[in-house]
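I opened my notebook to look at one protein and write down what I find. Come along and check each entry against the picture.

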Amino acid sequence: MNYLSVENIAKAYGERVLFKEISFGINEGQKVGFIAKNGTGKTSLLNILAGFDIPDDGKVVYRKNITTAFLPQEPNLDQHLTIQETIFSSENETLAIINRYEKALQNPNDTDAYQKAFEEMEAAQAWDFETQYKQILSKLKLEDLTKEVKYLSGGQKKRLALAVMLLQKPDFIIMDEPTNHLDLDMIEWLEEYFKKENFTIFMVTHDRYFLERVCNEIVELDHGQLYTYKGNYGYYLDKKDARMAMEASNTEKAKQLYKKELDWMRRQPKARTTKSKSRIDDFQDIKDRAHKRRQDHEVQLELNMERLGSKVVELHNIGKSYEDNQLLKNFSYNFKRGERIGIIGKNGTGKSTFLNILTGSINPDAGKVVIGETIKFGYYTQKGITIKPGQKVIEVIREFGDYIPLKKGRQISAQQLLERFLFDRKKQYDFVEKLSGGEKKRLYLCTVLIQNPNFLILDEPTNDLDIVTLNVLESFLLDFPGCLVVVSHDRYFMDKIVDHLFVFQGNAEVQDFPGNYSDYREYEETLAEAPKKPASQTETKKDWKKDSTSGKLSYSEQKEFGRLEKEIAKLEKKKEKLQQKFLEELNPDEIKENSIKLQEIEDEIENKTERWFELGAEME
């Protein structure tokens with residue numbers, strides 16, 4: 001059954017054409033993810049589908065008698081209503097029945113009203129829905145139903161709008177970044193909810209695991225063309241790679257044919273036959289195909305940043321509280337060169353506070369932070385960047401730097417960096433106020449990177465970035481040689497970028513886990529599936545790093561054992577390379593410096609090898 005038909009729609013703002021002649025349809029039960037670059041009209045398309053905007057050309061046709069709901073990035077809620085009033089103000093009749101029943105419960109002396117409300121609940125079979133309604137509010141952490149909307153944070157408003165949408169039980173849902181402002185537990189619950197509920201969905205999201213697990217079709221807008229892939233995100237990646245390879249092959253063939261036809265054109269006399277004229281017409285089409293160039297950019301930079309010294313950042317017994325809420329207590333950690341740490345945890349457990357202490361934006365209540373002399377922080381915060389009126393894109397980034405130094409005396413200019421992050425030369429001279437929300441985030445990211453930090457901190461960098469930009473950012477970070485600390489709810493991003501986690505569990509407890517997000521989830525599932533033992537025979541969850549008494553390694557120790565093998569092999573190569581340098585002609589200072597480095601490497605090899613033997617002995 002067809003729910004929606006989009007027929008040749010177009011949208012432009014002045015000379016800026018977002019899209020034109022876009023056509024597609026959505027049938028009952030389809031869960032469609034829409035992928036496009038920031039600034040190419042994703043939000044405009046959603047607003048058109050939701051009826052908040054109209055196309056310049058074409059039309060949008062819905063099937064009669066279906067109910068629809070729209071979740072925008074920034075919800076438009078009545079600021080004077082409470083959470084409960086907002087939920088019950090929807091048009092869902094079952095919710096109205098539940099509302100009357102709950103009011104009747106508050107007035108037990110009015111037996112007539114209670115009996116009437118009870119009979120309505122029975123007639124509508126609303127008991128299961130009431131249970132589901134309460135479960136949704138609990139999962140989305142909307143406990144204080146008397147709180148007014150005007151006192152809610154941006155994240156709470158988004159979660160309230162999501163709850164209202166789900167409780168309306170619409171036939172067709174349109175969503176713009178539904179996972180923004182949700183913590184990881186909420187996102188995974190929402191995935192399961194959408195998989196089991198019979199919704200028809202059209203959504204924009206940067207969360208690639210969400211696309212993978214929820215969607216059964218991907219629609220991509222790429223260079224003005226619409227492509228449809230009848231599968232999830234993994235299927236889309238495979239088929240897109242095949243399409244790109246085919247396009248490259250066709251372009252190469254067209255170039256060869258163009259050379260051949262160009263030679264024929266030059267040899268032809270002025271008098272043309274009908275056959276020749278036809279061939280000349282075809283020549284223009286061949287020429288266009290042969291000169292087709294994709295504008296995608298991949299970042300491949302060999303950064304020449306300030307060298308990290310032996311001391312990076314040391315945290316000694318850090319403590320921090322806000323009134324009665326203890327976020328950190330006696331937390332200590334010494335960052336090592338090249339570490340890539342991800343930070344996860346529920347909202348309000350202290351993740352952003354930890355980053356602000358790390359960078360000196362706020363002071364701890366107890367303990368101290370020691371920062372190495374060569375450390376240069378780059379801090380991407382959730383607040384974003386303040387733009388002056390009338391500023392152009394290129395002017396913003398040049399306030400922070402003109403270039404990034406690369407190895408071998410090369411450099412990359414501010415203009416080139418913007419190009420690599422998908423701002424073409426024309427876009428660089430646009431006024432910043434014309435940019436989309438995602439493009440402004442991308443510009444802010446460039447202002448952090450142009451400063452050439454050697455310790456990069458990213459607080460929710462994936463919010464509002466499109467998937468194309470995320471791939472560019474990931475390419476950059478995979479080559480980044482400095483220290484990296486990332487707070488993100490994007491599980492795909494975390495799995496690709498980090499190899500070590502700080503898990504903020506609340507009540508000032510921070511778990512140090514050796515692995516990425518998927519490793520951690522697997523570890524938690526292993527714990528949940530393990531048979532329960534008496535407390536005297538087993539260890540508590542927070543003590544999982546202690547030696548196992550069973551003679552076998554714990555999951556984390558197995559991960560550590562495998563990682564140590566790789567690290568020792570890398571250190572041996574470094575040692576061999578350094579030893580070769582002593583065969584060269586070195587001055588006394590170089591000999592001294594290399595000797596110190598060699599000793600550090602040998603000490604590290606010895607420590608890691610000792611630990612490797614210790615773990616290996618437990619496996620026997």
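Before I start, one term: I say that residues meet, or are in contact, when heavy atoms lie within 4.5 Å. I also remind myself that this is a predicted model.

**Entry 1: two helices**

I looked up helix α3 (residues 93-106) and helix α5 (residues 127-139). Two packed helices are described by the angle between their axes and the distance between the axes. For α3 and α5 the angle is about 85°, and the axes are 10 Å apart. I call α3 roughly perpendicular to α5, because angles of 65 to 115 degrees count as such.

Which residues of α3 and α5 meet? On the α3 side I listed Thr-94, Leu-95, Ile-98, Tyr-101 and Glu-102. On the α5 side I found Trp-127, Phe-129, Glu-130, Tyr-133 and Lys-134. Sorting the residues of this contact gave me six nonpolar, one polar and three charged.

**Entry 2: an open sheet**

Next I traced an open sheet of six strands, in the order β5-β6-β7-β3-β8-β9, and its pairing is mixed. Why is one side of β5 and of β9 left without a neighbour in the sheet? β5 (68-71) and β9 (225-229) stand at the edges, so each has a single partner strand. From one strand to the next, I noted an average twist of 15°.

I then followed β5 to its partner. β5 pairs with β6 (residues 172-176) in the parallel sense, over four bridges. Within this pair, Thr-68 has Phe-172 of β6 opposite. Helix α6 (residues 154-167) packs on the sheet and touches both β5 and β6. The direction of α6 makes about 170° with that of β5.

**Entry 3: a hairpin**

Strands of a sheet pair through backbone hydrogen bonds, either parallel or antiparallel. Ile-9 stands opposite Ile-22 of β2. How many residues lie between β1 and β2 in their hairpin? I counted two, and Gly-14 in the turn has a positive phi of about 65°.

**Entry 4: the whole protein**

Last, I stepped back. The protein has 19 helices and 20 strands. Of its 620 residues, 46% are buried. Among contacts with a separation of 6 or more, 67% join residues 24 or more positions apart. I wrote down an accessible surface of about 33,100 Å², with 47% of it belonging to carbon and sulfur atoms.

Key
Residues numbered from 1 in each chain as written. Predicted model: local features only at pLDDT ≥ 70, side-chain atom pairs only at ≥ 80, totals over all residues. Heavy atoms only, no water. Pairing = 2+ DSSP bridges. Axes fitted to C-alpha atoms, helices over the stretch in contact; angles between N-to-C directions. Buried < 20%, exposed > 50% of the residue type's maximum accessible area, 1.4 Å probe, protein only. Areas by Shrake-Rupley, 256 points an atom, 1.4 Å probe, with all protein chains shown as cover. Parallel < 35°, antiparallel > 145°, perpendicular 65-115°, else oblique. Nonpolar A, V, L, I, M, F, W, Y, C, P; charged D, E, K, R; others polar.
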